[in-house]
Amino acid sequence: MKPKVLFATSINDDYIEGALVMIYSIMKHAGQSQPYDIKCYYHDIVSPLSEENQLKLKAICPNIKFHKATRQEYLIGPKDENGRTAENSQPCYLSFELFREHAYDSIIWFDIDMLCINDISELLEIGIQRPNQLCLWNLNTGLFIVGKELIKESIFEHLMSKIQFHDGRFMNQGIIRNELAAQFGPLEFKYNAYPFWNTKMSDDVRVLHWAWFNNYKPWQLEGSEYEDQLWQESDKNIKISTEVGNLPSANDKKYFDMWFDYRKEITDNYGV
């Protein structure tokens, strides 16, 4: 019997466009040699997902699974380093739900603001080969892989117990860093490549990641009041303000265009 592999993420209505494109890109680049499931976690209050948007996801991936998280810890509202509630941080902690997926031999967590652009079939083998590791690049949990020996209810409960005491720094990533660092294993940059870090890009990049809340996501560009400031010639992304965030420069445009090409394929092929 082949190992069971799961791609997992958290999702809400605000990020449905990112979810459609990322999940479509997984299906396009994961290959056929290793079967896998895809599951989305949501929460009716902190990370709601409407039936309409669930149907959109089922249109492109009929076997997709949904799990409604209900634990009260998600409502606590972790604080930032200044003691304020970290706005929009609660959905990130839904990643802890994956540690309850005991039926799987390996789990690949991915953030919704990502895009697979080349073959990712190797990801389906890493967790099988390293059952006692949590593999990630540069301490970033945008994409990480969990082996079988770490998929435990006890680890889930331990992580959940830390939410109420967490200062909000790096959100779920901060807790995972603090509590599971001894199990960390390496993952190459090509599986978590930031378009805004274009100086590190290579032809071997497999997964793009529009990381950090203050960088514009592709689906946020349309209708932006800063549309006339996009794609300027600059070595760095263009910072408007802390509140607004950073706009992509001319160096980033080809990666954003990739995302829009995939979105068009979804419309053409599935009508959503």
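Modeller: We may begin with one crossing: helix α4 passes helix α5 in a right-handed crossing. A crossing is right-handed if the near helix is turned clockwise from the far one by less than a right angle, and left-handed if anticlockwise. Helices (H or I, at least four residues) and strands (E, at least two) are DSSP runs, numbered from the N terminus.

Colleague: What kind of model is this, and how are its residues numbered?

Modeller: This is a predicted model, in which local features need pLDDT of at least 70 and side-chain atom pairs count only at pLDDT 80 or more, while totals for chains, interfaces and linings use all residues. Residues are numbered from 1 along each chain as its sequence is written, and side-chain values use heavy atoms, with hydrogens and water left out.

Colleague: At what angle do α4 and α5 pack?

Modeller: Two packed helices are described by the angle between their axes and the distance between the axes. Here α4 (residues 153-162) and α5 (residues 171-180) pack at about 120°, and their axes are 10 Å apart. Axes are lines fitted to C-alpha atoms, for helices over the stretch in contact, and angles run from 0 to 180 degrees between N-to-C directions. The two helices are therefore oblique to each other; angles under 35 degrees count as roughly parallel, over 145 as roughly antiparallel, 65 to 115 as roughly perpendicular and the rest as oblique.

Colleague: Which residues of α4 and α5 meet?

Modeller: I155, H158, L159 and K162 in α4 meet I175, E179 and L180 in α5. By class, this contact has 4 nonpolar, 1 polar and 2 charged residues. Contact means heavy atoms within 4.5 Å. Ala, Val, Leu, Ile, Met, Phe, Trp, Tyr, Cys and Pro count as nonpolar, Asp, Glu, Lys and Arg as charged, and the others, Gly among them, as polar.

Colleague: How do α1 and α2 pack?

Modeller: Helix α1 (residues 16-29) and helix α2 (residues 51-60) pack at an angle of about 20°, with axes 10 Å apart. That makes α1 roughly parallel to α2. Their crossing is right-handed. On the α1 side, I16, A19, L20, I23, Y24 and M27 meet N53, K56, L57 and I60 of α2; the contact comprises 8 nonpolar, 1 polar and 1 charged residues.

Colleague: Is M22 buried or exposed?

Modeller: M22, in helix α1, counts as buried at 1% relative accessibility. Buried means under 20% relative accessible area, exposed over 50%, and partly exposed in between (1.4 Å probe, protein chains only). The C-alpha atoms of M22 and L115 are separated by 5.0 Å, although these residues lie 93 residues apart along the chain.

Colleague: How many residues has the largest nonpolar core?

Modeller: A nonpolar core is a set of buried Ala, Val, Leu, Ile, Met, Phe, Trp, Tyr and Cys residues joined through side-chain atoms within 4.5 Å. The largest has 59 residues, and I23, I26, L57, I120 and L123 have the most contacts inside it. Helix α1 gives the most to this core, with 8 residues. A second, separate core of 29 residues includes L134, I151, M160 and L180.

Colleague: What is the phi of N138?

Modeller: Most residues other than glycine have a negative phi. The phi of N138 is near 55°, a positive value, and L139 has a positive phi of about 65°. At 40% relative accessibility, L139 counts as partly exposed.
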